Structure formats: C-alpha cells, structure tokens
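Notebook open, model loaded. I'm jotting things down as I look them up.

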Amino acid sequence: MPDRDQDVRWMRRAIELAGLCPPAAGAYSVGAVIVGADGSELAAGYSREADPREHAEEAALSKLPANDSRLAGATIYSTLEPCSQRSASRTPCAQRIIKAGIPRVVIAWREPSLFVDDCIGYEQLREAGVAVVELPELAEDAKKANRHLGGLS
C-alpha cells in the first residue's frame with residue numbers, strides 16, 4: 001500500500017498531465033496515472049489526449065489490456081473525482097475503474113456542480129469496495145489547469 005508521500009508524488013505527476021490538456025469550455029482538464037503494486041507507472045493519460053470527448057482515466061486505461069493482471073493491485077491517481085455520468089454515450093470513469101478491477105483511487109478534489117449537479121463517482125467507487133483517498137492539500141494545484149472554466153475556487 002503506497003504511503004502518503006508516494007500518493008503526493010504520483011498526484012503531482014497527474015497534475016502535470018492535467019496541464020497538457022487542451023482547454024475546452026465545457027470540460028475539465030484532468031490528469032490520471034495508473035501505478036502498479038510495485039510502485040511503477042503502468043499508464044498515464046489526460047483529458048482530450050486522443051479524442052475531444054476523452055476523459056483522463058479513460059485515456060490511461062485505454063493504454064493497457066482490459067485483462068491486465070497488474071490492475072488488481074494498482075492505484076489510479078486522478079486530479080478530479082472520476083465521473084459518475086457522461087453526457088455522451090460513453091461509460092463513466094467510475095464504472096470503468098470498477099470494471100478494470102483497480103482497488104484504490106486517489107483524487108485531489110471532488111467534482112463541483114459545474115456540469116453535473118451531483119457527481120457520485122466517489123460514492124460509487126466506495127460502494128463497489130474501492131478504497132478512495134482524497135488529497136485536499138493538492139486540490140488548488142489540481143484546479144489550476146481548470147482556470148479556463150472560471151468560478152472554481
């Protein structure tokens with residue numbers, strides 16, 4: 001199980017990735033990193049990396065085989081709470097994480113009610129038995145990539 005220092009280090013990597021996102025008026029800029037049980041980076045991604053509707057967790061997971069046995073001991077670091085619903089016909093990220101079998105998620109901040117009135121990704125993950133850790137001390141850094149949206153404090 002990663003310690004808090006490792007969690008902070010990997011979240012900082014995810015925050016760097018969020019900074020690579022092309023800004024979009026109707027979407028968050030998010031970075032995600034999947035780290036194996038051995039502490040190595042398995043995959044990383046960011047919002048809109050390969051597709052204008054792609055989410056960070058989706059981008060990172062797409063780089064690994066769906067049946068990758070390393071996911072069973074992995075942690076995914078996401079700068080924003082994984083989404084619980086999508087406006088497009090895509091699977092929400094919380095459901096993708098649960099289906100992938102990733103047992104631990106670390107986030108920097110919870111999704112505000114800017115686009116979705118009540119994001120319940122955190123709750124969906126917990127209900128599925130996923131350990132969810134929040135690093136509120138990194139929330140401000142994670143929000144910086146989203147200044148283009150305005151009104152985020």
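Which residue follows H3, and is its phi positive or negative? I found Gly101 there, with a positive phi near 80 degrees. Helices here are DSSP runs of H or I with at least four residues, strands are E runs of at least two, and both are numbered from the N terminus.

Ground rules before going on. This is a predicted model, so I keep to pLDDT of at least 70 for local features and 80 or more for side-chain atom pairs, while totals for chains, interfaces and linings use all residues. Residues are numbered from 1 along each chain as its sequence is written, and side-chain values use heavy atoms, without hydrogens and water.

Back to H3 (residues 93-100): I looked up its buried residues (under 20% relative accessible area, 1.4 Å probe, protein chains only) and got Cys93, Ala94, Ile97 and Ala100. They sit on the same side of H3 because they cover an arc of only 130 degrees around the axis, taken from the directions from the helix axis to the C-beta atoms. Their cover includes helix H2 (56-61), strand S3 (75-80), S4 and helix H4 (121-127).

Next, the sheet. I read an open one of five strands, ordered S2-S1-S3-S4-S5, with mixed pairing; a pair needs at least two DSSP bridges. S2 (41-46) and S5 (131-134) are the edge strands, each pairing on one side only. S4 (residues 104-109) runs parallel to S5 over four bridges, and Arg104 has Ala131 as its bridge partner in S5.

Last, Ile34. Beyond its neighbours within four places in sequence, I see it in contact with residues including Leu42, Leu61, Leu64 and Ile76, contact being heavy atoms within 4.5 Å.

Definitions and conventions:
Buried means under 20% relative accessible area, exposed over 50%, partly exposed in between (1.4 Å probe, protein chains only).
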